[in-house]
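Hello,

Here is the structure you asked for. Please open it first, then read my notes below.

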Amino acid sequence: MCVFVLEKRRMPVARPEPVEARVIAHVDLDCFYAQVEQRRHPELRGKPTAVVQYNSWKGGALIAVSYEARKFGVKRSMRGEEARKACPDIHLVQVPVAHDKADLKLYRDAGSEVCAILARMGKCERASIDEVYLDITEAATARLIQDPPQCWVSLDKEALKSHVVGLATDGDATVEVGHWLQRKDAEQNDQLLACGAAIIAELRTAVLSETQFTCSAGIAHNKMLAKLASGMHKPAQQTIVPSSAVQGLLTDLPINKIGQLGGKLGHLLEVELGVKTAGDLLQFSEAKLQDLFGMNTGTWLWRTARGINGDEVQGRMLPKSHSSGKTFPGPKSLKDLSAVGHWVRELAEVLQERLDMDIEQNNRIARLLTLHAGCHLFWSRSCKKIPITILCIKIW
């Protein structure tokens, strides 16, 4: 029997879903860095814009591309010079710099504005600078009791623009969505999702009104499905995943689109078992997957293929840790200990500033410090070995 050995610390945890239905949303801010810069510079609104990392090689690395620029074929994988060739009228805005490295405080603070608005209606977990999980089960349940969907006299325009996975919309999509939201024969789980969709539509409208930022969202019964749904229709739209549509959504979904299956585990599934989609996993029993990957990971894979996920929204609006890092590619690779020491001090200063602010604003004190340093060689297109030095300090 073949058993695949994997690093336990990186493996997903199989958690059973709660008995009671939940309403979970994943809110993803659209081209967030570009939106922040367009708010700072209103003259850029509606114009092709990209945010560029501070290094100057070939015009810098693009970290965000507005939808106006994407129409011209500009992609995040490009450098600034490539972007200008694809779109001569593009506006390239440089990320602020502090201590000779990118300073993301501007974007972190803007993300906090959005979190504060979203947290008004439920438990909020900040997953990154520009994405948030929300558990709005309590608010959706209260709305279902006080004002059930079938009794709604009018429907929020933003809610009517929702996409419902598995819903055929041959005619007027908003009419079909309205019928789905207000079905009298709908099961309670779908009624909860309808109430959740109305709440998320209201929150997205509030975010736009109060911050000028648009965001997209996925609404489902668990975090995994909500995350998948939020990226299905962008920008400034929302998608609902009813339980009846889960298997149809997952059947042809590439496994690398599912969280924690885009790395070694997903690669192993594809190479060793020929699994390319979540649907392909259905052929394996839970016992078989446990034999191959261990009890925990095997169960997690079996549940994931069926859209089952028990991960809870953590109710965390602050980051779990602070980190400061820098990569030194090619000619900029660090050559001696004095250069390494210099950059360790620079990165430590950046961390100290953030820790001081954290203590002042949140009364939190860091307890664990980790320093990571590495040097890697990779082959360039010209078949030359290029060294890359990586330094990172993480603390909490």
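Start in β11, where V164 has I240 as its bridge partner. Keep in mind that this is a predicted model.

That pair belongs to a wider link. Two bridges join β9 to β11, residues 238-240, and the two strands run parallel. Now step back to the whole sheet. Six strands form an open sheet, in the order β7-β8-β1-β10-β11-β9. The pairing is mixed. The edge strands are β7 (123-128) and β9 (163-164), and each of them pairs on one side only.

Which helix packs on the sheet? Helix α9, residues 223-230, does. Helix α9 touches β1, β7, β8, β10 and β11. The direction of α9 makes about 145° with that of β10.

The peptide bond from K234 to P235 is cis, with omega near 0°. A236 has a positive phi of about 55°, although it is not a glycine. Most residues other than glycine have a negative phi, and most peptide bonds are trans. A236 is partly exposed, at 29% relative accessibility.

Q212 also has a positive phi, about 75°, and is not a glycine. Q212 lies in the loop between α8 (188-211) and β10. Its relative accessible area is 40%, so Q212 counts as partly exposed.

Last, the chain as a whole. The protein chain has 14 helices and 14 strands. Of its 396 residues, 44% are buried. The chain exposes about 21,000 Å², and carbon and sulfur atoms supply 53% of that.

Best wishes

How values were computed
Residues are numbered from 1 along each chain as its sequence is written. This is a predicted model: local features need pLDDT of at least 70, side-chain atom pairs count only at pLDDT 80 or more; totals for chains, interfaces and linings use all residues. Side-chain values use heavy atoms; hydrogens and water are left out. Two strands pair if DSSP finds at least two bridges between them. Helices (H or I, at least four residues) and strands (E, at least two) are DSSP runs, numbered from the N terminus. Contact means heavy atoms within 4.5 Å. Axes are lines fitted to C-alpha atoms, for helices over the stretch in contact, and angles run from 0 to 180 degrees between N-to-C directions. Buried means under 20% relative accessible area, exposed over 50%, partly exposed in between (1.4 Å probe, protein chains only). Accessible areas come from the Shrake-Rupley method with a 1.4 Å probe; for residues, only the protein chains shown count as cover.
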